[in-house]
Amino acid sequence: MWNVKLERLSVARRSGCMKQKKIEQQALTVGIVVNVVMVLAGFFVFFLTGLKSMFLDASFTVISVISGGVASYLSRKTVRVSDRFPNGMFALEPIYAICKSIFTICLLLFSFLDVLRVAIDYFAYGEGERLSFGPVIIYQIAAVAVCLMLVGYYRARNRAIGNASLMLKAEANGTWIDGMISLGIGIVAVLLYFLPNGTPFDFLHYTGDFFITTIIVLLTIKEPVIVLRDAFVELVGGTHDDEEISDVVTREVETHLPAGIEMEKIHVFKTGMNFDVDIFIGSTKGTVQMEELVEARQTIEKALEPKLYIVNVDFVFE
């Protein structure tokens, strides 16, 4: 088996990539500004109330600020080419997504163990402090609204570049988790505010933080796990399993493949915002000129760029 890797039209393709990266960077910058404001408000409420779930909420927002800054830096870095990295450093994008997902999962587990200890102290030893919510309800209403708008903005910007940005996907998922945490805390705050003393549910005034944090962890831990899985597949070179993209690639390859070439299969690989398409050729009818392959590759890449933006096509002969 031998692989025909033809010379890239790097300048033109990287120019188009920069336009997509600009959209990504603008979205990340907006997210950073919004989250900085939410961090300040979140920790202010946490210090007033001492709620562990508020700490979880504010900590998630801190992660969003830090990860947004890292993502913005990587967004500028990955597209740059050099003698050592002639095809850019797109592998940094799934590495970023893996690191953020692992950190998010660890924070969720740490928060659960923290509130579990409080619940055990109350139910086993009768020790605990009555929860104080203070301005929590007002803050959470604002936080949920802001998170939902930011998630919608991230996803809209990602759709504008064909959902190619794993970093925007990671940021949207992180913001969604942050919003669900805020929503859960707000619901519990409202319920406990109207729950009178001396009822069979009086224990919730001391352990409500445990129950809402546990529910939040169970409902949200799936999101970072999915991002972690997708990023790992990209990093180790697994094939991209998006059916819509596979259909588009197959249709364009079949349309523009030179006559006399029989295609066996197509493999689509994605690393960050970069797509690689390997077209496996089983046999040819007659002689195929190199010029035909060059023209076919350029035509296929041009046809795929409106959907994939950064795409490299290779012919693999078996």
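Lys169, Arg229 and Asp230 are joined in a network of salt bridges, a salt bridge being a side-chain nitrogen of Lys or Arg within 4 Å of a carboxyl oxygen of Asp or Glu. The model is a predicted one, in which local features need pLDDT of at least 70 and side-chain atom pairs count only at pLDDT 80 or more, while totals for chains, interfaces and linings use all residues. Residues are numbered from 1 along each chain as its sequence is written, and side-chain values use heavy atoms, with hydrogens and water left out.

Lysine 169 belongs to helix α5 and aspartate 230 to helix α7, so the pair ties together parts that are 61 residues apart in sequence. Helices (H or I, at least four residues) and strands (E, at least two) are DSSP runs, numbered from the N terminus. Lysine 169 counts as partly exposed because its relative accessibility is 32%, and aspartate 230 counts as buried because its value is 19%. Here buried means under 20% relative accessible area, exposed means over 50%, and partly exposed lies in between (1.4 Å probe, protein chains only).

By the salt-bridge rule, the count comes to six. Another of these pairs is glutamate 171 with lysine 100, whose closest N and O atoms are 2.9 Å apart. This pair links distant parts of the chain, with glutamate 171 in helix α5 (residues 166-194) and lysine 100 in helix α3 (residues 92-125), 71 residues apart. Glutamate 171 is buried, because its relative accessible area is 0%, and lysine 100 is buried, because its relative accessible area is 8%.

Lysine 270 forms a salt bridge with glutamate 234, the closest N and O atoms again lying 2.9 Å apart. Lysine 270 lies in strand β2 (residues 261-271) and glutamate 234 in helix α7, so that distant parts of the chain, 36 residues apart, are linked. Both lysine 270 and glutamate 234 are buried.

The surface also carries patches, made of residues with over 30% relative accessible area and no salt bridge, where like charges are joined within 9 Å and nonpolar side chains (Val, Leu, Ile, Met, Phe, Trp, Tyr) within 5 Å. Ile95, Phe232, Leu235 and Val236 make up a nonpolar patch with about 350 Å² of accessible area together. Phenylalanine 232 is found in helix α7 (residues 222-235). Asp241, Asp242, Glu243 and Asp247 form a negative patch, and aspartate 247 is part of helix α8 (residues 243-256).

Technical notes
Areas by Shrake-Rupley, 256 points an atom, 1.4 Å probe, with all protein chains shown as cover. Lys, Arg positive; Asp, Glu negative; His and termini not counted. Charge placed at Lys NZ, Arg CZ, Asp CG, Glu CD.
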